[in-house]
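Hi,

Here is the structure I promised to send over. Have a look at it first, and then read on for my notes.

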Amino acid sequence: MTTAPRIDTDAVRPVEPGPAPAAPPTASRLKPESFTAGIKAVVGLVGLFAIWELAVFIFDFPKYLLVGPISAFEELFTNPGYFAVNALTTLQEGLAGFALGTALGVLCGALLYYASFLRPFLYPALIAIDTIPKVALAPLFIVWFGFGFESKAFVAMAIAFFPLVINTFDGLNSVPHELQDLARINRASKLKKMMKIDFIYALPSIFTGAKISISLAVGGAVVGEFIAGSKGLGYVILLANSQVDLPSMFAAFIVLAAIALLLFFIIDLISKKLLPWKNYTK
Amino acid sequence: MTTDYAISVNNVGKTYTSRDGQENVVLKGLDFHVNPGEFVSIVGQSGSGKTTLLNTISGLQEASEGEILIRGREISAALKDIGMVFQSPVLLPWRNNLDNVLLPLEFRDAVTSESKDHAMELLQMVGLGEKATRYSYELSGGMQQRVAICRALVSRPEILLMDEPFGALDAMTRDSMNFEIQRIWRRTGCSVLFVTHSISEAVWLADRVVVVGDRPGRIVADVKVDIERPRAKEHKFSENFASYVAEIESHIGVTAGIS
């Protein structure tokens, strides 16, 4: 290709001295990168809402097909108590399932790693279990655990479980062989090696699994509420569906997204506090 | 009189059998000794089984034939006499440097206030006394490897095994680390077995250079290096030094390409 006349925007732009980009002294104390990242995230979110609202306005969707974020937020702020109570239910179910799934997942991942003789039996079985859509298990859990809190928590657990198995195993598996050798040369007991090297080494990977699982767990709770129940955001969505009340449905979506986002950032924050070295090595 | 040797490798062989039954002879008929307080380098091309040899001496791998005695005893009884330095420092990023040095003693439930002082002395010896409470990610590669050396020395081993410890460092850092290890060795008086693929490094550091040949790994030469100590940088440019390097190169069978 021949060199096409290239418009060099930098050359065309007049060089202006412009105001010095001196940051105010207080801003330097905040982390500048995370600050601008936060602003960009908010801008992106507002932009999304704007496009959504604009699309609804321009294409003039009927109210039973799609409503804009403004009517969704209107609905949210006219009945804040209704959404808060049901959100709390879903949050509790999701968190309980997440906690159970994490505990069980880490345990299974560790078993998979340490009991290497069991691995050829255990691994295919785990994959087989994972291929069953958890949504399909929900009715079974209702039969087993009833219509209340427990069945939803167990659906959430079933979904949250697997990413933690894989990530715990991967984390343990990535411990450098030199550290294994060091432990062996010094005759470290298996327990000492686990506590002083393996698990701390695997923590970043375990947290990655937890970040994936937390939003899955909330989704699992909603699925449980779809199947049976009279509480929670899943129930709110189902009820709104039967009444063709789209503002209420979209309000529930927004609350769900907010919950998942909040939980994700909490886990992210904990991992940053707990694993400060990760900020340097990456 | 095997008990007179720090390390005694007697007719050691190592054979791996692959899944389809094929035998892969990695080491064959290795026979050499390391005297107490001696610094012995092992050179050879990559893939010649140097690391396997070191791993059998440290007890991480079992020899298929022959026997290895550490100060006249079986390896299993002698593990506490061995300190090991790997190619990468592999320090634990969540521990500060002092705690990294103390790790082997924690494994052995042997941390005392005396051993803490000893760990601190070691860090001071390598010039990192002021960095004791800092973390590995705050250190350069050379400094990290010095911490790893302290970690290997903290249990007061009589034998220090080093597996290409400076292979990942740049040339200048590597030179200064060579000085450092000479100084450490002279101060601690331990026997060192130092694996490297740099012939000049091997010659400059060692009392003896053991040359390991390829496929299967076997000893092709055992060269005594008669250069006075302590050695300085100038020794690298002496005729004497060059002739040692040339001799070892001829044993390895390369004419160029290895520094």
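In which sense do strand β9 and strand β10 of chain B pair, and over how many bridges? The answer is antiparallel, over 6 bridges, with β9 covering residues 208–213 and β10 covering residues 218–224. Bear in mind that this is a predicted model.

If you zoom in on that pair, you'll find B:Val212 standing opposite B:Ile219 of β10(B). The two strands make a hairpin, with 4 residues between them. In the turn sits B:Arg215, whose phi is positive, at about 40°.

Now zoom out to chain B as a whole. Its secondary structure amounts to 8 helices and 10 strands. The radius of gyration of chain B is 18 Å, close to the 18 Å from the globule rule for 259 residues, so this chain is as compact as a globular protein of that length. Along the principal axes, its C-alpha atoms fill a box of roughly 45 × 45 × 40 Å. Of the 259 residues in chain B, 40% are buried. And if you take the contacts in chain B with a separation of 6 or more, 72% are between residues 24 or more positions apart.

Then there's the place where the chains meet: 18 residues of chain A are in contact with 17 residues of chain B. On the chain A side, the elements giving two or more residues are α8 (177–185), α9 (190–227) and α12 (278–281). α8(A) gives the most, with 7 residues. Sorted by class, that side of chain A has 10 nonpolar, 6 charged and 2 polar residues.

Cheers

Technical notes: Residues are numbered from 1 along each chain as its sequence is written. Chains are lettered from A and ligands numbered from 1 in the order in which they are written. This is a predicted model: local features need pLDDT of at least 70, side-chain atom pairs count only at pLDDT 80 or more; totals for chains, interfaces and linings use all residues. Two residues are in contact if their C-beta atoms, placed from the backbone, lie within 7 Å. Ala, Val, Leu, Ile, Met, Phe, Trp, Tyr, Cys and Pro count as nonpolar, Asp, Glu, Lys and Arg as charged, and the others, Gly among them, as polar. The radius of gyration is taken over C-alpha atoms; the globule rule is 2.2 Å times the number of residues to the power 0.38. A residue is buried if 20 or more other C-beta atoms lie within 10 Å of its own, exposed if 12 or fewer, and partly exposed in between; C-beta atoms are placed from the backbone. Two strands pair if DSSP finds at least two bridges between them.
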